[in-house]
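Me: Could you take a close look at the aromatic pairs in this model and walk me through them with some care?

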Amino acid sequence: MLKLIQNEWMKLWSRKSSWIMIILLVVILLSSAAITKWVDDSMSASNTETWQQVEASQMAYNSSMLEDSNLSEGQLEYFEGQVAVSEHRLENNIAPYEYNSMQQGVVESYIMMSVVTLFTVIVAGGIVAAEFSQGTIKMLLTRPVKRWKILSSKYIATMLYALLLAIVLFIVTALAGLIFYGVSDGTLLVWNGSEVVEGSFWLEGLKLVALSFASVWMIGTFAFMLGTVFRSSSLAIGLSIFLLFTGVQVAFLLQNYEIVKYYLFTHTDLTQFYTGNILIPDITISMSILVLIVYFLIFMAISYWTFGKRDITA
């Protein structure tokens, strides 16, 4: 099995597109940081607010949100935690990291994970379909290796590539922040459920990237299934990218119906439980993980069944 994964990994890197996507990711991150730096420098002269004023405004907003009777338990806990952090910060005169700093960039690096999802979809949708379009599938399946092992090796190679993209994103975001913004003197404070404590911006950033990887994993698996079933990389990639950008909007349209609780894109963003922006108030992180696992099993079952039954003599 390990040999098969190594083989798929080498085949993946033999394609120019795999290198181009890595380079493109780095260029996007560096150029985004440069543009943001230029815009912030242009606007900094008109911004005279101190961090205390900004913190007080945020605390007032979070306090007002607590008056909403429709908040879920998760949202209530989130806003209570944010108010507690603001109170602690103002009472003890503990400044946060500057908005434009390397540390804040690391914490918010998960925002760019949609680029990782996009590139993963391209690889996942084509890794099986390309074997059919290039005519190499007959040679591949006539080897004395079980089909499920071949398919598994392709899937694992795809997810390893996605993981590599996420690591590159995290590292380059930190480097871009260091180059364009520098290190801030502030302190990260977090609410641990019972008290305000000092946090690590590295751990906070890694935690949010790891939660964002759920979306990469599920949409990548969906594209992998489509590529396996329809043997068309363009269909798999096109449909997956379409759902990537419209799936959440459909969740908003369905928010008044019970079915939205079982809709895939209601649950793909696990950072919603950490940032307080919960899409549907009634859902919990446990429910989201369970729904994602069920979808994953369905997608993989369809992929294995289709690939195992595929007639390659036609």
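Reply: Rings of Phe, Tyr and Trp, the last taken by its six-membered ring, are paired if their centres lie within 6.5 Å, and planes under 30 degrees apart count as stacked, over 60 as edge-to-face and the rest as tilted. In this predicted model, the structure holds 13 aromatic pairs. One of them joins tyrosine 97 and phenylalanine 201, whose ring centres are 5.9 Å apart and whose planes stand at 85 degrees, so the pair is edge-to-face. Because tyrosine 97 sits in the loop between helix H4 (73-91) and helix H5 (102-107), while phenylalanine 201 belongs to helix H10 (residues 201-230), this pair ties together parts that are 104 residues apart in sequence. Tyrosine 97 has 13% relative accessibility and therefore counts as buried, and phenylalanine 201, with 13% relative accessibility, counts as buried too.

Phenylalanine 222 and phenylalanine 299 form an aromatic pair that is tilted, with 5.3 Å from centre to centre and 55 degrees between the planes. Since phenylalanine 222 lies in helix H10 and phenylalanine 299 in helix H14 (residues 285-309), the pair ties together parts that are 77 residues apart in sequence. Both phenylalanine 222 and phenylalanine 299 are buried.

Ring pairs also link Trp9, Trp13, Trp19 and Tyr161 into a cluster.

Key: Residues numbered from 1 in each chain as written. Predicted model: local features only at pLDDT ≥ 70, side-chain atom pairs only at ≥ 80, totals over all residues. Heavy atoms only, no water. Helix = DSSP H or I, 4+ residues; strand = E, 2+ residues; numbered from the N terminus. Buried < 20%, exposed > 50% of the residue type's maximum accessible area, 1.4 Å probe, protein only.
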